[in-house]
Amino acid sequence: MARYTGPKTRICRIFGEPILGNGKYLSKNSNPPGQHGPTKKRKAPGEYALQLKEKQKAKYTYGVLEKQFRRTFDEAARRKGATGENLMKLLEARLDNAVYRLGMAASRPGARQLVSHKHVTVNGEVVNIPSFQLKPGDVIGVREKDRANASITGTFRGKNAKFTWMDWSESEMQGTFVAYPERESIPENIKEQLIVELYSK
């Protein structure tokens with residue numbers, strides 16, 4: 001599957017926040033990209049523009065392209081409960097995101113690479129699909145023969161304590177997807193209701 005490989009700071013400047021993790025460069029130049037910089041007078045964005053921008057922010061944050069994002073949204077709409085909250089829960093349940101949340105990689109692209117290169121297992125079986133949807137109780141670990149590989153395990157930083165829907169065992173080098181997170185527990189600054197309104201048009 002294709003993925004964005006362009007300049008990350010440019011994307012951060014579009015949204016005005018470090019959604020790809022490189023905030024130190026954003027602090028030097030927070031103006032939206034373009035040749036006119038801060039001198040050009042910009043019109044206030046309309047309703048559609050705000051909704052589209054929020055969808056793009058979610059896609060860049062989780063590293064998902066349009067077709068897969070739309071499928072995830074359709075699945076969220078089929079489930080019981082608020083569609084926007086279901087969408088965020090499904091995005092958080094992606095395998096590459098779970099690897100990132102567990103501290104097995106410093107970034108989502110790094111987590112995606114670990115999964116794609118077959119270093120990650122789910123319930124003891126190697127899974128190399130970054131978009132694999134986890135279910136509560138699934139155990140995510142490092143492939144047995146990779147546990148002694150310092151280039152892989154040396155970058156592990158451990159799970160952030162605020163991600164209560166994940167459980168990590170340092171000694172066993174594996175974590176558990178305990179449950180789908182509640183929306184207030186997800187730290188991403190995404191207004192999912194705008195995405196719902198966009199797809200409802």
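# Close-up views of a predicted model

**View 1. The whole chain.** From the N terminus on, the elements of the protein chain run α-α-α-α-α-α-α-β-β-β-α-β-β-α. This is a predicted model. The protein chain holds nine helices and five strands. Of its 201 residues, 41% are buried. Among contacts with a separation of 6 or more, 57% join residues 24 or more positions apart. The accessible surface of the protein chain comes to about 11,300 Å². Carbon and sulfur atoms account for 50% of that surface.

**View 2. Helix H4 against helix H9.** Helix H4 spans residues 66-78, and helix H9 spans residues 192-199. Their axes lie 12 Å apart. How are the two helices angled? They pack at about 95 degrees. Angles of 65 to 115 degrees count as roughly perpendicular, so H4 and H9 are roughly perpendicular to each other. H4 brings Glu66, Phe69, Arg70 and Phe73 to the contact. H9 brings Ile195, Val196 and Tyr199. Five residues of this contact are nonpolar, two are charged and none is polar.

**View 3. Gln51 in helix H3.** Gln51 belongs to helix H3, which covers residues 47-62. Is Gln51 buried or exposed? Its relative accessibility is 1%. Buried means under 20%, so Gln51 counts as buried. Which residues does Gln51 touch, leaving aside neighbours within four places in sequence? Its contacts are Leu194, Glu197, Leu198 and Lys201. Of these, Leu194, Glu197 and Leu198 fall within the span of H9, residues 192-199.

**View 4. The five-stranded sheet.** Five strands form an open sheet. What is the order of the strands? The sheet runs E2-E1-E3-E5-E4. The pairing is antiparallel. Strand E2 (125-126) and strand E4 (166-169) are the edge strands. Each of these two pairs on one side only.

**View 5. Strand E1 and its two partners.** Strand E1 covers residues 120-122. Two bridges join E1 to E2, and the two strands run antiparallel. Here Val122 stands opposite Glu125 in E2. E1 also pairs with strand E3, residues 139-142. That pairing is antiparallel too, over three bridges. Val122 stands opposite Ile140 in E3.

**View 6. Thr121 in strand E1.** Thr121 lies in strand E1. Its relative accessible area is 11%. The cut-off for buried is under 20%, so Thr121 is buried. Which residues are in contact with Thr121, beyond its neighbours within four places in sequence? The contacts are Val126, Val127, Val139, Ile140, Gly141, Val142 and Arg143. Among them, Val126 belongs to E2 (125-126). Val139, Ile140, Gly141 and Val142 belong to E3 (residues 139-142).

**View 7. Asn123 in the loop between E1 and E2.** Asn123 is found in the loop between E1 and E2. Most residues other than glycine have a negative phi. Asn123 has a positive phi, near 55 degrees.

**View 8. Strand E3 beside strand E5.** Three bridges join E3 to E5. The two strands run antiparallel. Which residue of E5 is the bridge partner of Gly141? The partner is Gln174.

**View 9. The hairpin of E4 and E5.** E4 and strand E5 (residues 174-177) pair over four bridges, in the antiparallel sense. Met166 has Phe177 in E5 as its bridge partner. The hairpin has four residues between the strands. Met173 lies in this loop between E4 and E5. Its phi is near 55 degrees, a positive value in a residue other than glycine.

**View 10. The two faces of strand E4.** Side chains alternate along E4. Which of them are buried? Met166 and Trp168 point to one face and are buried.

Technical notes:
Residues are numbered from 1 along each chain as its sequence is written. This is a predicted model: local features need pLDDT of at least 70, side-chain atom pairs count only at pLDDT 80 or more; totals for chains, interfaces and linings use all residues. Side-chain values use heavy atoms; hydrogens and water are left out. Axes are lines fitted to C-alpha atoms, for helices over the stretch in contact, and angles run from 0 to 180 degrees between N-to-C directions. Angles under 35 degrees count as roughly parallel, over 145 as roughly antiparallel, 65 to 115 as roughly perpendicular and the rest as oblique. Contact means heavy atoms within 4.5 Å. Ala, Val, Leu, Ile, Met, Phe, Trp, Tyr, Cys and Pro count as nonpolar, Asp, Glu, Lys and Arg as charged, and the others, Gly among them, as polar. Two strands pair if DSSP finds at least two bridges between them. Buried means under 20% relative accessible area, exposed over 50%, partly exposed in between (1.4 Å probe, protein chains only). Accessible areas come from the Shrake-Rupley method with a 1.4 Å probe; for residues, only the protein chains shown count as cover.
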